[in-house]
Amino acid sequence: MLNKEEAERYSRHILIDKIGEKGQEKIKRSSVLVVGAGGLGSPILMYLVSSGVGRVGIVDGDIVSVSNLSRQVLYADKDVGKKKVFVAKEKLVAMNPFAKIDIYPEWLDCETAPHIFRKYDCIVDATDNFETRYLINRTAVELNKPLFIGAVGRFTGQAMVVIPHKSACYNCVFPEKEKETVHLMTKRNASLGVFSPLVGVIGTIVANEVLKYILGIGKNLIGKLLIYDAMNNEFSIIPVQKDPNCKICGTKK
Ligand SMILES: [Zn+2]
């Protein structure tokens, strides 16, 4: 049940017939883990928390640096040198005191990932390196958790949603053995550079996918890879197939 203050806070959602009070309660009951509190993680966290997700986990072992500030909009100049998750929690709680924020000031590894992932309904990959992406994908598939992925580099962004064993996983689309080939979803954006507003566009698309999934409305990017070309302002969505030989989710692995 929403209290009076929550009903007021989320009133513009509640006015939408596809959401209503019941939908807003679903959002309140949900829990989402966001891995990566950087450029993509900032808008994702801000929209999930402001929209009323009841419990949000943040995993990031990094500290705020000056070079983050041009696009990681959760952080301010005075935060340089502080652990990202602590600053993020403070900002997010100030934004919405009804949200419970769990923080993990660490880098995800194969020992900790399953323990952390188990506590959440949905997992968001907002990272910028392929080692962590494969670990997140593997763990989400093993634990059967829906996975929402965003990636950015230069002027191009991508997003996709993985429903384990039902749709293509990250490894079906970008097999680990081919990780040496330069691909956005596998190349660290620190080495590519990234156009600042792009992280806002892709991060917001990812948050939109998570919230629609929680609500059970609309169409998600399940079995689809969205590609946004910011330079030419073109969106394309390409179908992606589950690979029966995929070593993570395949039936013939
Ligand atoms: Zn797969």
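## A loop residue with a positive phi

His-165 sits in the loop between β6 and α8 (170-173); helices (H or I, at least four residues) and strands (E, at least two) are DSSP runs, numbered from the N terminus. This is a predicted model, where local features need pLDDT of at least 70, side-chain atom pairs count only at pLDDT 80 or more, and totals for chains, interfaces and linings use all residues. Residues are numbered from 1 along each chain as its sequence is written.

Most residues other than glycine have a negative phi. His-165 counts as exposed because it has 12 other C-beta atoms within 10 Å. The cut-offs: buried means 20 or more other C-beta atoms within 10 Å of the residue's own, exposed means 12 or fewer, and partly exposed is in between, with C-beta atoms placed from the backbone.

## Another one, before β8

Asn-233 lies in the loop between β7 (224-229) and β8. Its phi is positive too, near 55°, and Asn-233 is a residue other than glycine. Is Asn-233 buried or exposed? It is exposed, since it has 7 other C-beta atoms within 10 Å.

## The sheet

The strands line up as an open sheet of eight, in the order β3-β2-β1-β4-β5-β6-β7-β8, with mixed pairing. Two strands pair if DSSP finds at least two bridges between them. At the edges are β3 and β8 (234-239), each pairing on one side only. From one strand to the next, the twist averages 15°.

β2 and β3 run parallel and are joined by five bridges. Val-56, for instance, has Ile-101 in β3 as its bridge partner. Helix α7 (residues 130-142) packs on the sheet and touches β1, β4, β5 (147-153) and β6 (156-162). The direction of α7 makes about 165° with that of β4; axes are lines fitted to C-alpha atoms, for helices over the stretch in contact, and angles run from 0 to 180 degrees between N-to-C directions.

## Helices α4 and α5

α4 is mostly covered, with eight of its 10 residues buried. Among them are Pro-43, Ile-44, Leu-45 and Met-46. The cover over the buried residues of α4 includes β1 (31-35), β2, α5, β4 (122-125) and α10 (196-215). After α4 comes Gly-52, with a positive phi near 105°.

α5 (residues 84-95) has 12 residues and reaches 16 Å from its first C-alpha to its last, close to the 16 Å expected at 1.5 Å a residue; that expected span is 1.5 Å times one less than the number of residues. Its buried residues are Lys-84, Val-85, Val-87, Ala-88, Lys-89 and Leu-92. What covers them includes α4 (41-50), β2 (55-59) and β3 (100-104).

How do the two helices meet? α4 and α5 pack at about 30°, with axes 9 Å apart. Leu-45, Met-46, Val-49 and Ser-50 of α4 make the contact with Ala-88, Leu-92 and Met-95 of α5; residues are in contact if their C-beta atoms, placed from the backbone, lie within 7 Å.

## A buried tyrosine in a loop

Tyr-75 is in the loop between β2 and α5. Why does Tyr-75 count as buried? Because it has 21 C-beta neighbours inside 10 Å. Leaving aside neighbours within four places in sequence, Tyr-75 is in contact with Val-64, Asn-68, Leu-69 and Val-87. Val-87 is also one of the buried residues of α5.

Key:
Contact = placed C-beta atoms within 7 Å.
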